[in-house]
Amino acid sequence: MNLVHKIENWGDTHHPKALDIVRVALGIFLLAKGIAFMENTSYLRGIITDQHVIDVSPDMLMVLVYYVAFAHMVGGILIAMGILTRLGCLIQIPIVTGAVFLTGIFQEPINAMAWPSVAALVLLMMFTVLGSGPWSLDRYLAFKN
């Protein structure tokens, strides 16, 4: 059994049911952020361009904006429903890591915009290890077969 399977097995056997409520809340939060970004793409584009970190063409910037919004929506749904949770978390981790750095967590110690991103990043890493949990579509489909 390789390391990845050992981590998956450990996460599946050490997942309290109460964490499933946190997983669903995280998924809904990410879905809501994705919808908000899709409704107001200029806001997300402004956040990215104001940092002067990413220097790409305007067309590529819009591709990035739509990718972030789409990944938040799809990943949020996967995480909330508990299906392919680890994949959904892995898709989200680079995006949320970028959000942590773009919101300026290192510029101000008390930055209200940064802490939801930091909390989401910690939870995403935790659910990457722990997986879906007992109250999930993954578990339901596994027992149905």
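One term before you click: buried means under 20% relative accessible area, exposed over 50%, and partly exposed in between, with a 1.4 Å probe and protein chains only. You're looking at a predicted model, where local features need pLDDT of at least 70, side-chain atom pairs count only at pLDDT 80 or more, and totals for chains, interfaces and linings use all residues. Numbering starts from 1 along each chain as its sequence is written, and side-chain values use heavy atoms, with hydrogens and water left out.

**Whole chain.** Colour by secondary structure: there are seven helices and zero strands. Helices (H or I, at least four residues) and strands (E, at least two) are DSSP runs, numbered from the N terminus. Of the 145 residues, 38% count as buried.

**Annotated spans.** Next, select 21-40, 60-80, 87-106 and 112-137, which an unreviewed UniProt entry labels "transmembrane region". Such annotations may be inferred rather than shown by experiment. Residues 21-40 are 95% helix, with end C-alpha atoms 29 Å apart. For residues 60-80, the helix share is 100% and the end C-alpha atoms lie 30 Å apart.

**α3.** Now pick Thr41, Leu44, Gly46, Ile47 and Ile48 in α3: buried or exposed? They are buried. Step just past α3 to His52, which takes a positive phi of about 55°.

**The largest pocket.** Last stop: the largest pocket, holding about 540 Å³ of space. Of its 26 lining residues, select Phe37, Leu44, Ile95, Gly98 and Ala99, the closest to its centre. Two or more lining residues come from each of α2 (18-39), α3 (41-50), α4 (58-81), α5 (85-102) and α6 (114-130). Which element gives the most? That's α5, with seven residues. Colour the lining by class and you get 21 nonpolar, four polar and one charged.

For the pocket terms, a pocket is an open set of points on a 1 Å grid over the protein atoms alone, where a 1.4 Å probe fits and protein lies on both sides within 12 Å along at least five of seven lines; lining residues have an atom within 4 Å of a point. The volume is the space filled by probe spheres set on the points. In the class count, Ala, Val, Leu, Ile, Met, Phe, Trp, Tyr, Cys and Pro are nonpolar, Asp, Glu, Lys and Arg are charged, and the others, Gly among them, are polar.
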